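Here's a quick tour of one model, written for someone who likes to check geometry by eye. Have the viewer open and follow along.

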Amino acid sequence: MRGVTARNAGGPFAATDILGGMHAATFLRRHWQKQPLLVRGALPGFGGVVDLAGMFDLACRDDCESRLVQRRSGRWSVEHGPFRPGRLARLPASGWTLLVQGLERVLPAARSLLDRFAFIPYSRLDDLMVSYAPAGGGVGPHFDSYDVFLLQGPGRRRWKTGRQRDLALVADAPLKILQRFAPEGECVLSPGDMLYLPPECAHDGVAVDACYTYSIGFRAPSHRELISGFLAFLEDRADGEGRYGDPDLRSQRRPARLGTAMAGKVERVLRSIEWTRRDVGVFLGLHLTEPAAGVAFAGPARPLTPRAFTAAARRGAVALAGASRMLYEGPDFFINGECHAVAGGSAALRTLADTRRLPGAMIAPRGAPAELLYQWYRAGYICLHAPRAAR
């Protein structure tokens, strides 16, 4: 494929074999946000994590974001889920694509697949999406504002890609379809092949036969999103005391004139706003672990007592729920939009965040980490795992 570096995977699977044997550091230096990478056999014989019937079921749920894209007589249409089962049962033989996002929240196998990309920090990871299309189906030539790995499941898809400056979109289309797509390279992905695309790399995927494509996407917040979010964060923590005053007010001939005195006083108030590097870190931790839209957590119907929970956890393990997001920095641990400071930090909680699983041997019978684990268990953020059978 012209314009795309290709790699071939072989031998036993390891953490970076999904990159065709390339070391993660090499990938980040050469390709991440720079140039595409085609990996043949990234996951040889990959059969996917869900079939079409399963996708239909997920598309009818309100905890998974789903879309149905159709093209009829050259015109695009988009419907958003959740869908009624009868709607999906009436789909035609061709001309449509079904997309379901957030698979990792509801399917353990999807979570395991997403974990293979842990060479990218979790702070950048977004979600796992699957798309299904009959032969000839696709969503048109477009570009994304974020990095994406396109892992092919059952079936084949032909991809055309290109780095182009003309990013003008088709007017009045419900999708971001490029007006003038000028591909530079082409490849056909078979099950287990993978294509990495950096931001704004134009691409168009068309199903050669009925196929599934898994998209591993990464978050890239806009500067506007970060600025507005941080200002809201500061507002929540601002000192609300004090009020504008002007005991030195003087009469003026033009009552509608704003004048410089009031602006100067307000400027001094605004200049008093301060923040530290830790404030920025806390904001990012809260912002990046905020649960996705539509996600709701539910604790156990009959929760164990704190002592019984700790005993059970120490015999087995605990794991993050599929929808849970957890990060940490220093003594601060962030989970699902909450911040918990643990004096001196906690090796156990760091392990839980890094691996999404905490072996019972690392769980102390008492102390702040044990108390947090129980609190998160009651909230549905984590769940108990039985001891692993001896081999």
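In what order do the 3 strands of the open sheet come? The order is β9-β8-β11, with antiparallel pairing. Strands here are DSSP E runs of at least two residues, helices are H or I runs of at least four, and both are numbered from the N terminus. Two strands count as paired if DSSP finds at least two bridges between them. β9 (185-189) and β11 (202-207) are the edge strands, each pairing on one side only.

Neighbouring strands in this sheet are turned by 20 degrees against each other on average, ignoring direction; the axes are lines fitted to C-alpha atoms, with angles running from 0 to 180 degrees between N-to-C directions. Strand β8 (residues 157-162) is joined to β9 by 5 bridges, and T161 has G185 in β9 as its bridge partner.

## Where the numbers come from

This is a predicted model, so local features need pLDDT of at least 70 and side-chain atom pairs count only at pLDDT 80 or more, while totals for chains, interfaces and linings use all residues. Residues are numbered from 1 along each chain as its sequence is written, and side-chain values use heavy atoms, leaving out hydrogens and water.

## Aromatic pairs

The structure holds 23 aromatic pairs. Rings of Phe, Tyr and Trp (its six-membered ring) pair if their centres lie within 6.5 Å; planes under 30 degrees apart are stacked, over 60 edge-to-face, and the rest tilted. F117 and F149 make a tilted pair, 5.0 Å centre to centre with 50 degrees between the planes. The pair links distant parts of the chain: F117 sits in the loop between α4 (108-115) and β6 (125-133), F149 in strand β7 (residues 148-152), 32 residues apart. F117 and F149 are both buried, meaning under 20% relative accessible area; exposed is over 50%, partly exposed in between (1.4 Å probe, protein chains only).

Y328 and F333 also form a tilted pair, because their planes are at 35 degrees, with centres 5.9 Å apart. Y328 is partly exposed at 28%, whereas F333 is buried at 0%. One aromatic cluster is made up of F27, W32, F117, F119, F149, Y196 and F218.

G81 and P82 are joined by a cis peptide bond, omega about 5 degrees. P82 lies in the loop between β4 (75-80) and α3 (85-89).

E200, not a glycine, has a positive phi of about 65 degrees. E200 is in the loop between β10 (194-197) and β11, and is partly exposed at 41% relative accessibility.
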